[in-house]
Amino acid sequence: MVGKKANPRLEIFTYFIIFVMAVLIARMGYLQIAQGVYFHQQAEDNRIRLMPMMAPRGVIYDRDGTPLVSNRPGFSVSLVPMTGPIPDTVLNRLSTIVGMKVEDIKAKIKQQGSPLAPVRIKDDVGQDIVSKIEERRGEMPGVVIEIQSVRNYVNKELGVHLLGYVGEISESELEDRKNDGYQSGDIVGKFGLEKVYDKEIRGIDGGAQVEVDVTGRPVRMMGKKEPVLGNSLVLTIDSRIQKAAERAMDNQLNYLQKRLGNVNAKAGAAVVMNPQTGEILAMVSRPAFNPNLFNGGISVKDWQAINDNPFNPMQNRTINAEYPPGSAFKIVTGAAALELGKVTPEEKILDTGRHWIIPKGNSHGAALGWIDFNVALAKSDNVYFYEMGNRIGIDNLEKWARAFGLGAPTGINLPHESEGLVANRKYKEEVYGEDWYLSETFDAAIGQGFQLATPLQMASLISQVANGGHRYRPYVVSKIISPNGDTVKTFAPEVLGNVRISERNLSAIRNALKDVTSPSGTAGYIFEGFPVPIAGKTSTAENPHGDDHGWFVAYGPFDNPTVAVAVVIEQGGYGSDAAAPIARKIMEAAFNLPPFKDAADRLAEEEAAKSLPADPQKR
């Protein structure tokens, strides 16, 4: 019997089926055996996310352990992608809730480097935003609310120019610091001590493995690495003196504007330091701002209020603003003239109201007649110090100004310190291409013309008179301590230079400065009845851009100085009226004296009373 002939098409189809099955089996074996671990990890990654946990920054304390900057819990909004990038529909909904542009959210995602990596979108959001996100949880898969540490400036604007503020790291900052372990989304110091000591106080971030559901909502904690708190700073600042200085500054500026008619007296600065060590006890710059506004990103409204202020609240005037020092510079001129033998403390010079070589005179044309060094400095006589400038010359005057540290940064560890300017021939020739004139030496001798100094430099100047000529590096951090309380680093007084002044001449300068606060001195009426002997110098500096600036520098107690003060009020007028009252308030706080209530205090109390509700039950 002849068999049936095979069907070629059926055989081909059969072989094809066998081949396909073999390929599928081989592929399944490959995926399950060779690649099983890999795809298991991929599946795990789809349900497990590594959530970074930002470390709390270290606390900043004053010298007595009072917290000035701490941390508080706050909410942040993050994106945790599940199976792919977060859809635009979700980003659009989120942008409306958090008040951010979609483009800005996408920029943060791009900065993170991977569309599947968790990214923090907004820090320190309010409860209203948290509620809105929770209400629409089903519409926004991958949107997560986290609890994060938020910087808390305990006293709001108190000491803001010294303490600084924090914010999210920018692209340029990230580029500069990426080799130091910084990452996108990090919160870093932007200003002041927060910036200078960022590495020391920022801590070590932790993280958590979190299982999430298909909406990106956390289900359970799989594992956790606790963040490490950053080191803390203990400052040289005395918060009691700082508060008194800021209150006095605010009250005085308000008084000058509303009672004395100095409508442009809206800015000023004060520095308080220990002349025996260089420790800064207080630093005040006005106008100021609340650094808490920068948490989570400052609003457009708040930023405009700061940015549009013509008196620039962001400027730290204690170290960055330069002013003609005015008559306070006569300390330098007097020291140079005495030490170079150009005059003795006893020699009398005739003041007719104008100098006999160049017709430059005293304020309001006053003429004091025959006067010696003590009277000239105590009464702030211009004609006498014009003659001192004539005798010593601009080159010697420059040499002595630099010996006191003027014309160079003091070396304080804060950003953007200005160097000021010491009047000299070279500067004028290089900048203006002109020769030096004797009239300019006269101006320089009384702290005008080209002379410029910062409030910190002037505090250093008066400190050197107080301590016998030692120029200390000013410093604001006394030590860095670890989270467990161990001291990591300490900072000690550092002498940068010495001005050699004989005891006789130094006594002449000191006694003249003491007479400034005596009943017949230019600041006598301000320090009337003050129980601690104070030496000081009033100064009214001409301002080509507006009203005169008012200065006052001082130290006390006279026989054993522990406090030195420099105060300047922009466009405040006479130093005795504008700046000296603030210095007195500072000295009261420094020496634990009962505060004397002056006109500025009374005005502040009146305005505070008017702002209270009429109904006592509502106060």
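**Figure 1. Overview of the predicted chain.** Of the 619 residues of the chain, 53% count as buried, where buried means under 20% relative accessible area, exposed over 50% and partly exposed in between, with a 1.4 Å probe and protein chains only. This is a predicted model, in which local features need pLDDT of at least 70 and side-chain atom pairs count only at pLDDT 80 or more, while totals for chains, interfaces and linings use all residues. Residues are numbered from 1 along each chain as its sequence is written, and side-chain values use heavy atoms, with hydrogens and water left out. The chain has 22 helices and 21 strands, taken as DSSP runs numbered from the N terminus (helices H or I, at least four residues; strands E, at least two). Among contacts (heavy atoms within 4.5 Å) between residues at least 6 apart in sequence, 70% join residues at least 24 apart.

**Figure 2. Nonpolar patch that includes Ile25**. Leu10, Phe13, Phe16, Ile17, Met21, Leu24 and Ile25 make a nonpolar surface patch of about 720 Å². Patches are made of residues with over 30% relative accessible area and no salt bridge, like charges being joined within 9 Å and nonpolar side chains (Val, Leu, Ile, Met, Phe, Trp, Tyr) within 5 Å; accessible areas come from the Shrake-Rupley method with a 1.4 Å probe, and for residues only the protein chains shown count as cover. Ile25 is found in helix H1, which spans residues 8-34, and is exposed, with a relative accessible area of 56%.

**Figure 3. Helix H17 and its surroundings**. Helix H17 (residues 438-445) is mostly covered, six of its eight residues being buried, namely Glu440, Thr441, Phe442, Asp443, Ala444 and Ala445. These buried residues pack against helix H13 (330-339), helix H15 (382-403) and helix H16 (425-432). H17 is followed by Gly447, whose phi is positive, near 75°. The side chains of Asp443 and Lys360 meet in a salt bridge (3.0 Å, N to O), a term that denotes a side-chain nitrogen of Lys or Arg within 4 Å of a carboxyl oxygen of Asp or Glu. This pair links distant parts of the chain, 83 residues apart, with Lys360 in the loop between strand S13 (349-351) and strand S14 (369-371) and Asp443 in helix H17; Lys360 counts as partly exposed at 21% relative accessibility.

**Figure 4. Arg425 in helix H16**. Arg425 is partly exposed, with a relative accessible area of 41%. Leaving aside its neighbours within four places in sequence, Arg425 is in contact with Ile394, Asp395 and Trp436. Arg425 and Asp395 are 30 residues apart in sequence and 7.8 Å apart in space, C-alpha to C-alpha.

Figure 5. A search of the whole structure finds 34 salt bridges. Arg63 counts as partly exposed at 34% relative accessibility, whereas Glu279 is buried, with a relative accessible area of 13%. Asp250 counts as partly exposed at 30% relative accessibility, and Arg286 as buried at 5%.
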